[in-house]
Amino acid sequence: MRVLRPALLLVAVAACAWFALGVRQSHEVDGATSVVSAANPTAAQLRAAAAQLRSASFLNPDRTVDILRARVAIKQHRLPQARRILAAATRGEPENLEAWIWFTGTNLGRPAGMLGRARIIALDPLDARAVGG
């Protein structure tokens, strides 16, 4: 019984810390999303969003952070970086429709764009008209 209480306390503290980390990451992702969704974010806002996403990526396996990092790069006119991020996201999660949509958008007129278009149609055949299918 003497060992059980400290062990339970340790588990409870770890769970609370994990929850607090998740709340903070969610807040940072929301802030970055609002910046990249804005029509004309400033360079300072984009830098702040990139910093939020660096922080949000800690112990976060979700590809949403990667997609948002790519969207920040797009807004900063750094397409090669956005393409690299999105290529990694589509390799890591080949069923992630949002990653494929952004990947295809950054590769229009390139062979990778045709690959992305085909993948979008395969993943979402009912909405293939959005990519001209």
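**Helix packing in a predicted model**

Helix 1 passes helix 2 in a left-handed crossing, as seen in this predicted model.

Visitor: At roughly what angle do the axes of helix 1 and helix 2 cross, and is the pair roughly parallel or roughly antiparallel?

Guide: The two axes, of residues 4-37 and residues 43-56, come within 9 Å and cross at roughly 150 degrees. Angles over 145 degrees count as roughly antiparallel. Helix 1 is therefore, relative to helix 2, roughly antiparallel.

Visitor: Which residues of helix 2 make the contact with helix 1?

Guide: On the side of helix 1, the contact involves Arg-24, Gln-25, Glu-28, Val-29, Gly-31, Ala-32 and Val-35. Their partners on helix 2 are Gln-45, Leu-46, Ala-49, Gln-52, Leu-53, Ser-55 and Ala-56.

Visitor: Against which helices do the buried residues of helix 4 pack?

Guide: Helix 4 spans residues 79-92, and its 14 residues reach 20 Å from the first C-alpha to the last, close to the 20 Å expected. Its buried residues are Ala-82, Arg-83, Ile-85, Leu-86, Ala-87, Ala-89 and Thr-90. These buried residues pack against helix 3 (64-75) and helix 5 (97-106).

Visitor: Is Thr-104 buried or exposed?

Guide: Thr-104 belongs to helix 5. Its relative accessible area is 8%, and the cut-off for burial is under 20%. Thr-104 is therefore buried.

Technical notes. Residues are numbered from 1 along each chain as its sequence is written. This is a predicted model: local features need pLDDT of at least 70, side-chain atom pairs count only at pLDDT 80 or more; totals for chains, interfaces and linings use all residues. Side-chain values use heavy atoms; hydrogens and water are left out. Helices (H or I, at least four residues) and strands (E, at least two) are DSSP runs, numbered from the N terminus. The expected span of a helix is 1.5 Å times one less than its number of residues. Buried means under 20% relative accessible area, exposed over 50%, partly exposed in between (1.4 Å probe, protein chains only). Contact means heavy atoms within 4.5 Å. Axes are lines fitted to C-alpha atoms, for helices over the stretch in contact, and angles run from 0 to 180 degrees between N-to-C directions. Angles under 35 degrees count as roughly parallel, over 145 as roughly antiparallel, 65 to 115 as roughly perpendicular and the rest as oblique. A crossing is left-handed if the near helix is turned anticlockwise from the far one by less than a right angle, and right-handed if clockwise.
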